[in-house]
Amino acid sequence: MAEVKITKKSMDVIARDSKVMITTTRESYPFVADHANGDFVYDIDGNRFIDFSTFIAVYTMGENGLPEVRRAVKEQVDKLMHSAFTDFYAELPVRFTESLLKMFPSGFGRVFLSNSGTEANEAALKFARLFTKRQYMLAFYGAFHGRSKGSLALTASNFVQRSSFGPYSDTVHVPFAYCYRCPFKQTYPECGFACVDYIKKYPLSKEMNPKDVAAMIVEPIQGEGGYIVPPKDYFKELKSLLDESGILLISDEVQAGYMRTGKFLAMDNFGVTADIYTMAKALGAGLPLGATITRKSLGDIPKGAHASTFGGNLVSVAAANASLSHLKRNANSIKRQIASKSRIIMKRLNSMKERYEIIGDVRGIGLMIGVELVRDKRTKMPAMKERESILGECFANGLLLLPAGTSTIRIIPAATISVEHLEKGLDIFEDAVAHADKGMRRSSRS
Ligand SMILES: Cc1ncc(COP(=O)(O)O)c(C=O)c1O
């Protein structure tokens, strides 16, 4: 892989960006996107990168969408882009929604289309309150559900996201099943799910009447919080606790859903059916689309109670429909690809974990994999500085990666990535890990 050369062209864009854009969460390396082709993404300096970020879990089905997705988008742009789906009817969003519902367990029959993950969660929040006539919400520490005000109340991933925007009075957060760093200092399975027991004994006994709680929202695999995979039976335990009091379970599948784990719904990996699902990111295959999917038996939303001008936008839905059709036609081979590439990644990462002190934990399902970096395997002190240097070195050698949580790196390539480029990306990653590991040992000796 040729070494990346960043010129004044990229640096000028970054300087102009910093003058006019309201701060977002830009990475520390200077990637200025230009185009994508096959397994590669290119910056405006012509540097080529293997992409292990899928531009934050969006291009699950392939970089810049599949050719048929782009074709459908172009055709729809020439026909009609926006049809005010809130006020008028259109056939394409209905066809797409009928097709989407076939991916859900029976009993799911209502969908609200929006433009993003946060909007999908806002709708879920409102619907849960409306269906149950209850006002409180339960959510998890480490969770990320979006940044608009309702979703932000559910988010507790990093206080910079919440600070100055409160108060958030309707949500109680509880510890997630983060077994690598168990908040209760216990070990699974001997713990007997102490974290679920805590919800019952504390928030639902001392703080809130369970009958006032509308729903609990959860990411089946916690994403921004650090790619945290709970134990297999965790959600069964949690769901039965919620069912005792009629509290709905909302599965936020924005990052983990849409085949990222090898199953359309990430919650299916845990053998549990939620009451409301939310999706976005990969759903629109590169265009903005969110969806909130509810159990039919929960009821209907009164006319005018919720809507979004661009929800069900024809161009986004054309992309989503083409992508979903492709996924359905090729489901078995996509699943096989995800499973076999997941095995390749896990094998490489687990062998790195044995060789390098800096790799504390490797976890994931399908192509949603996290590597947690530590300064010391015993104390588990997060290796934050080292993570920056690994991300930077990978970038300099042509591999795009994203962080998550305090010291985790996500490995989230597209299902379509070739084994050759997957291995090449892992080689670049391993070289950077080896350097960071060596540097860390050297500094701890001195
Ligand atoms: C699990 C989860 N939910 C919700 C969101 C918010 O999505 P959006 O940025 O499209 O509003 C994200 C974004 O990263 C996410 O990972």
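Which hand does the crossing of α12 and α14 have, left-handed or right-handed? The crossing is right-handed, and the close-ups below come from a predicted model.

**View 1. Helices α12 and α14 side by side.** Here you're looking at α12 (residues 331-355) and α14 (residues 419-445), whose axes come within 11 Å and cross at roughly 20°. Angles under 35 degrees count as roughly parallel, so that's what we call α12 and α14. On the α12 side, the contact is made by Lys341, Ile344, Ile345, Arg348 and Met352. Their partners on α14 are Val419, Leu422, Leu426, Glu430 and Val433.

**View 2. Helices α8 and α10.** The axes of α8 (residues 194-201) and α10 (residues 234-244) come within 10 Å, crossing at roughly 15°. That angle makes this pair roughly parallel. The crossing of α8 and α10 is right-handed. Val196, Ile199 and Lys200 are what α8 brings to the meeting, while α10 brings Glu237, Leu238 and Leu241.

**View 3. The largest nonpolar core.** This core has 133 residues, and the ones touching the most other members are Ala128, Ala215 and Leu399. Helix α11 (residues 314-329) is the top contributor, giving nine residues.

**View 4. Zooming in on Leu399.** Leaving out residues up to four places away in sequence, Leu399 touches Phe49, Ile50, Phe52, Cys394, Gly425, Ile428 and Phe429. Leu399 is also one of the three core residues that touch the most other members, alongside Ala128 and Ala215.

Notes. Residues are numbered from 1 along each chain as its sequence is written. This is a predicted model: local features need pLDDT of at least 70, side-chain atom pairs count only at pLDDT 80 or more; totals for chains, interfaces and linings use all residues. A nonpolar core is a set of buried Ala, Val, Leu, Ile, Met, Phe, Trp, Tyr and Cys residues joined through C-beta atoms within 7 Å. A residue is buried if 20 or more other C-beta atoms lie within 10 Å of its own, exposed if 12 or fewer, and partly exposed in between; C-beta atoms are placed from the backbone. Helices (H or I, at least four residues) and strands (E, at least two) are DSSP runs, numbered from the N terminus. Two residues are in contact if their C-beta atoms, placed from the backbone, lie within 7 Å. Axes are lines fitted to C-alpha atoms, for helices over the stretch in contact, and angles run from 0 to 180 degrees between N-to-C directions. Angles under 35 degrees count as roughly parallel, over 145 as roughly antiparallel, 65 to 115 as roughly perpendicular and the rest as oblique. A crossing is left-handed if the near helix is turned anticlockwise from the far one by less than a right angle, and right-handed if clockwise.
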